[in-house]
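Hi,

Here is the structure I promised to send over. Have a look at it first, and then read on for what turned up.

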Amino acid sequence: MSVKVIHENIISQMSTAVLVLNKQLKIIFANPSAESFCQQSINRLHQQRLMELFSHTTLNEEKLQEALQHNFSYTDNEAVLVFKAGHNLTAELTVTPLFFDNEDNLLLEFRAIDQQKKISQEIQQHNQQTAARNLVRGLAHEIKNPLGGLRGAAQLLEKELKSVELKEFTSIIIEQADRLRNLVDRLLGPNKPPRPAQNNVHELIEKMVRLIELESPRDIEFIRNYDPSIPNLRIDADQFQQTVLNICRNAVNALDGVGKIHFSTRIENQVTIRGKRSRICAAISIKDNGPGIPEAIKDTLFYPMVSGNENGSGLGLSIAQTLIEKHGGKIDVESWPGNTEFTIYLPIEDKE
Ligand SMILES: Nc1ncnc2c1ncn2[C@@H]1O[C@H](COP(=O)(O)OP(=O)(O)OP(=O)(O)O)[C@@H](O)[C@H]1O
Ligand SMILES: [Mg+2]
């Protein structure tokens, strides 16, 4: 067998999706794995510009051009690829400059991030979120006690004071202490354990949707798509509604007056939650067609005090995640411009 045939065999048997791009970043070669990776035939891939495969991606065209011009290779451990063909993937990517036929080309190797890696990332994120939450809670707790003392002392002083002008000062202290206390209470987060009862999730969601509908601009459209086969779930109604409300209010804020919010429910099998496999889960998704979550806060979205809004306290999602975790569930998010979807997963108890 000639070396060339051996090379061809290796490339066509590789599980990694391989693309070769020319100077214009057009695809001039794709191996069979790239075909299933992109869900397009090799013939159709040929001569397409790479960027035209995606409706959204974190791949940076300028960086590819730079690698080509300055002859350097790089890796991207988490490239988000949303294909126009409809599917989306997160992949590890290695980019290497290739020189042949007197031309500069680029070799791209994609490997989809597997389930196991996603699970370990999820566990790591959960641990970091918990640490951040505990830090903020600890701090809030430390502020709360002396604050109570401060307020009490100002009240006593107020009683002793005769002059109305001086009383004004003590009332300012009390007022500001109350403000701070409100903030501290929010930072401490939900402290009541859930009181679960059998509840119909659709009824609970519907109540919240109607509430949000009333307070939202008229050009926001609310679409429902419920799966009636979801059984009643043992959940705390208030806490579940608080979660839906927090996610929903964010969607309304992001839409800035006009857009669509899509509520849907479905059953999902074999969902892994913090490393543990749940045989059957209810998945409740809230999706909007707004601008997407700002890149800068994507990795720390569920941390307390992380906000992309000037007036936001950044607590809504942290509280939502805490509440759902207390129910043994999780909240996942997928977001790119025009598509932001939060999904609440709640395990359904096995009757067997
Ligand atoms: N659907 C969405 N589309 C775009 N960005 C979003 C969406 N949901 C959340 N975000 C971003 O995530 C940030 C954090 O949300 P979170 O609810 O935790 O805090 P907040 O809304 O800023 O403040 P709070 O909810 O405490 O009033 C938001 O500020 C916003 O930038
Ligand atoms: Mg919010």
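Let's start with one residue. Leaving out neighbours within four places in sequence, threonine 170 is in contact (heavy atoms within 4.5 Å) with Ala154, Leu157, Glu158 and Leu161. Threonine 170 sits in helix 6, residues 164–188, and is buried, with a relative accessible area of 2%. Buried here means under 20% relative accessible area, exposed means over 50%, and partly exposed is in between, with a 1.4 Å probe and protein chains only. Helices (H or I, at least four residues) and strands (E, at least two) are DSSP runs, numbered from the N terminus.

A word on ground rules. This is a predicted model, in which local features need pLDDT of at least 70 and side-chain atom pairs count only at pLDDT 80 or more, while totals for chains, interfaces and linings use all residues. Residues are numbered from 1 along each chain as its sequence is written, chains are lettered from A and ligands numbered from 1 in the order in which they are written, and side-chain values use heavy atoms, with hydrogens and water left out.

Now the whole chain. It has 9 helices and 13 strands, and its C-alpha atoms fill a box of roughly 100 × 55 × 40 Å along the principal axes. The radius of gyration is 26 Å, whereas a compact globule of 352 residues would be near 20 Å; that value is taken over C-alpha atoms, and the globule rule is 2.2 Å times the number of residues to the power 0.38. Buried residues account for 39% of the 352. Of the contacts between residues at least 6 apart in sequence, 60% join residues at least 24 apart.

Which helix is largely enclosed by the rest of the structure? That's helix 9, because 9 of its 11 residues are buried. Leu317, Ser318 and Gln321 are among them, and the cover includes helix 5 (115–160), helix 6, helix 8, strand 12 (330–336) and strand 13. After helix 9 comes glycine 328, with a positive phi near 80°.

Of its 42 lining residues, Asn246, Asn250, Leu315, Gly316 and Leu317 are the closest to the centre. For the term itself: on a 1 Å grid over the protein atoms alone, a pocket is an open set of points where a 1.4 Å probe fits, with protein on both sides within 12 Å along at least five of seven lines, and lining residues have an atom within 4 Å of a point. Helix 8 gives the most to the lining, with 11 residues.

Leucine 204, in helix 7 (201–215), is buried too, at 6% relative accessible area. Beyond four places in sequence, leucine 204 touches Asn199, Ile235, Ala237, Phe240 and Gln241.

Glutamine 47 has a positive phi of about 70° without being a glycine, and aspartate 256 has one of about 50°. Aspartate 256 is in the loop between helix 8 and strand 10 (259–273) and counts as exposed, at 66% relative accessibility.

Cheers
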